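These are my notebook entries on one protein structure, written down in the order in which I looked things up.

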Amino acid sequence: MEFPLPEAARQYVADNLHEDPAKLALQARRYPGLPVPELVRQIQARQKARTKLPAWAANPDLIFPPALSVEQASSDRTAAFKASLVSGATLLADLTGGFGVDSSYFATQVQEVHYVERNPELVAVVQYNLLQLGIHNVVCHATDAVQFLRNTDQHFDWLYLDPARRDTAARKIYRLQDCEPDILRIMPLLLHKADRVLLKTSPMLDIEQALEELAHVRRLWVVAVDNECKEVLYELGQEPAVDPERFTINMKRDGTQQEFRLNRAREARAIPRYAEPQQYLYEPNCAILKAGGFRSIGTAFELLKLHQHSHLYTSDTLRADFPGRIFRIRATERYDRDALRAHLGPEVRAHVTTRNFPDSVADFRHRTGIREGGELYLFATTDLRGRLMVLVCEKL
């Protein structure tokens, strides 16, 4: 693709930014002088970037790669968070450069960044976009990570990797040895070329398994956005921690974030206290649960647990600073269709969560006839005596 785009092409993208790409493709004959298929791909990629990269999606000067590269890119908030972890460094290499979002944010915190990407067409796009963004401290390399490291004489403060998590059939994968590059195989080379390595993995990868396989973890971060776990980051070094600190971050829609930290030792020492449901119900955010904070989160906030395996907490005194969702319990009911529907309006709607409960949410809805939506929240769980119960709640 030619870039910068000619004025007529830019205007076409701007005029059709909110249109259906499939419809635009069918109307290509109306614009014989324009490369409509390529421009439709630009529009499609910008549409995918609206939520995670709103400033980039709205910038008419940028060129977008195929939509898959945009899907795999970091959001602006997660990229900014990663950049904060390496702030003050002199030299960093982003070994899995992709669309260049992470490199652009690293460049705001690091003196010199090397962007490494084996797709030369993507490198050309990123090189052009960085200039449009006014970023001049990124050096671009069209090569793969291993070749770059073997050919460079530089020693880096940080290396960053986000290994590709799709196989040759485009199916999602998450095991370290299945991703590209294979971090386990090239670990000696990485630690020879840098003081520290920042590794991003899939949220699907078990943290305990990753700690055992990587063996060089100094600390880690579990990052969620709006209570959806997006990535787990590991700091690797020559001298690993015996019990790496686990930092959990949930970036909320209002711009604030919830934070909590734990490790194996504090989690093991935490002794939960149990109780029947009281006035308030607490559900830890998904980052805390992913990090394994099943007990220490309750003791840290002096809360009572409903059951050993439920990971739901209660109290009579409101803990408004709790890092998760908080509800006021209106009633505690048995798992009974008529008893539950009596709390709901004529539309019979509620948000349903099942924790330590034999039925899935779909089974629960089928059995009770309760549809999604409404103002109330139903938590189907098990009490401390092993009996099934449903908490009827309103969100604070």
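**Entry 1**

Which residues of H1 and H3 meet? On the H1 side I found Ala-9, Tyr-12 and Val-13, and on the H3 side Val-36, Leu-39, Val-40, Ile-43 and Arg-46, where contact means heavy atoms within 4.5 Å. By class this contact has seven nonpolar residues, no polar ones and one charged one; Ala, Val, Leu, Ile, Met, Phe, Trp, Tyr, Cys and Pro count as nonpolar, Asp, Glu, Lys and Arg as charged, and the others, Gly among them, as polar.

**Entry 1: what I am looking at**

I must remember that this is a predicted model, in which local features need pLDDT of at least 70 and side-chain atom pairs count only at pLDDT 80 or more, while totals for chains, interfaces and linings use all residues. Residues are numbered from 1 along each chain as its sequence is written, and side-chain values use heavy atoms, with hydrogens and water left out.

The protein has 16 helices and 16 strands, and its C-alpha atoms fill a box of roughly 65 × 60 × 35 Å along the principal axes. Of its 396 residues, 51% count as buried, which is to say under 20% relative accessible area, with exposed meaning over 50% and partly exposed in between (1.4 Å probe, protein chains only). Among contacts between residues at least 6 apart in sequence, 64% join residues at least 24 apart.

**Entry 2: salt bridges**

How many salt bridges are there? The count comes to 29, taking a salt bridge as a side-chain nitrogen of Lys or Arg within 4 Å of a carboxyl oxygen of Asp or Glu.

I picked out the one between Lys-82 and Glu-231, at 2.7 Å from N to O. This pair links distant parts of the chain, with Lys-82 in helix H6 (residues 76-85) and Glu-231 in strand S7 (residues 228-237), 149 residues apart. Both Lys-82 and Glu-231 are buried, and they belong to a network of salt bridges that also links Asp-102, Asp-162 and Lys-200.

For another case I took Arg-365 and Glu-372, whose closest N and O atoms are 2.3 Å apart. Arg-365 counts as buried because its relative accessibility is 16%, whereas Glu-372, at 44%, is partly exposed. In the salt bridge of Asp-178 with Arg-175 the N to O distance is 2.8 Å; Asp-178 is partly exposed at 36%, and Arg-175 is partly exposed at 37%.

**Entry 3: a residue in H6**

I then went back to helix H6, where Thr-78 lies. Is Thr-78 buried or exposed? With a relative accessible area of 2%, Thr-78 is buried. Leaving out residues up to four places away in sequence, Thr-78 touches Val-223, Val-225, Glu-231 and Met-251. Thr-78 and Met-251 are 173 residues apart in sequence, yet their C-alpha atoms are 8.7 Å apart in space.

**Entry 4: backbone details in loops**

The peptide bond from Glu-180 to Pro-181 is cis, with omega near 0°, and Pro-181 sits in the loop between strand S4 (156-161) and helix H10 (183-193).

Glu-302 is not a glycine but has a positive phi of about 55°; this residue is in the loop between helix H14 (296-300) and strand S11 (304-305), and counts as exposed at 62% relative accessibility. Val-348, also not a glycine, has a positive phi of about 50° and lies in the loop between helix H15 (337-341) and strand S14 (351-354). At 12% relative accessibility, Val-348 counts as buried.

Key
Helix = DSSP H or I, 4+ residues; strand = E, 2+ residues; numbered from the N terminus.
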